[in-house]
Amino acid sequence: MTRFTAAELEAARDRPVPDVVADGLRVLFCGINPGLMTAATGHHFARPGNRFWPVLHLSGFTPRLLKPAEQQELLGYGLGITNVVARATARADELSAEEYREGGRQLALKVARLRPRWLAVVGITAYRAAFDDKKAQVGPQERLIGDTRVWVLPNPSGLNAHWTAATMAEEFARLRLAAEES
């Protein structure tokens with residue numbers, strides 16, 4: 001993995017990262033916003049310690065552990081990645097409530113255009129803020145965006161100590177099974 005200096009990471013601040021999307025995906029995963037490592041590399045969930053890629057594999061979504069640089073391979077599995085907020089920050093708490101709300105509006109438009117079967121938001125706090133749903137819990141939501149069902153997953157950040165990789169993989173696997181049935 002490429003090592004970046006603090007200055008190189010800081011230079012990536014506010015830089016958007018292109019979505020990995022196509023029409024009609026099985027699941028569109030949605031992160032909170034790109035971190036500085038993600039923005040510096042151009043690859044989603046690129047920070048070492050982020051458990052997205054291992055959990056995606058452990059849950060059965062991918063037949064092998066993908067590296068962030070292999071993110072385009074997700075499309076072949078009917079999967080994609082986007083973010084609630086496009087701009088990169090060092091921490092999600094740098095985002096304003098209005099950025100989350102506007103991100104939710106933009107995400108709903110993107111989902112209506114792309115029509116994935118499922119939207120999977122990774123991070124309960126981001127989902128609650130983006131969709132003004134303070135009571136949402138991890139799991140399937142009643143909300144639909146067009147015909148797209150919504151599932152909230154735990155945040156795979158290494159900072160989320162409430163969830164282990166194994167318990168996260170169980171929740172991701174619940175979504176995978178639901179996506180296979182729909």
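Predicted model: local features only at pLDDT ≥ 70, side-chain atom pairs only at ≥ 80, totals over all residues.

Which residues does F45 touch, not counting residues up to four places away in sequence? Residues are numbered from 1 along each chain as its sequence is written, and side-chain values use heavy atoms, with hydrogens and water left out.

Now to the answer: F45 touches G31, T38, N50, F52, W53, P68, I81, V122 and P156, where a contact means heavy atoms within 4.5 Å. F45 sits in the loop between helix 2 (36–41) and helix 3, and with a relative accessible area of 13% it is buried. Buried means under 20% relative accessible area, exposed means over 50%, and partly exposed is in between, with a 1.4 Å probe and protein chains only.

Let me step back to the whole chain. The protein has 6 helices and 5 strands, where helices (H or I, at least four residues) and strands (E, at least two) are DSSP runs, numbered from the N terminus. From the N terminus on, the order of these elements is α-β-α-α-β-α-β-α-β-β-α. The radius of gyration is 15 Å, close to the 16 Å that the globule rule gives for 182 residues, so the protein is as compact as a globular protein of that length; this radius is taken over C-alpha atoms, and the rule is 2.2 Å times the number of residues to the power 0.38. Of the 182 residues, 46% count as buried, and among contacts with a separation of 6 or more, 70% are made by residues 24 or more positions apart.

Next, consider helix 6. The buried residues of helix 6 are M168, A169, E171, F172, A173, L175, R176, A178 and A179. They pack against strand 1 (27–31), helix 3 (52–58), strand 3 (118–122), strand 4 (139–145) and strand 5 (148–153).

D14, although not a glycine, has a positive phi of about 75°; D14 is placed in the loop between helix 1 (6–11) and strand 1, and at 43% relative accessibility it counts as partly exposed. R115 is likewise not a glycine, and its phi is positive at about 55°. R115 lies in the loop between helix 4 (97–114) and strand 3, and it is exposed, with a relative accessible area of 62%.

Finally, A11 lies in helix 1 and is exposed, with a relative accessible area of 52%. The C-alpha atoms of A11 and A40 are separated by 8.0 Å, although these residues are 29 apart along the chain.
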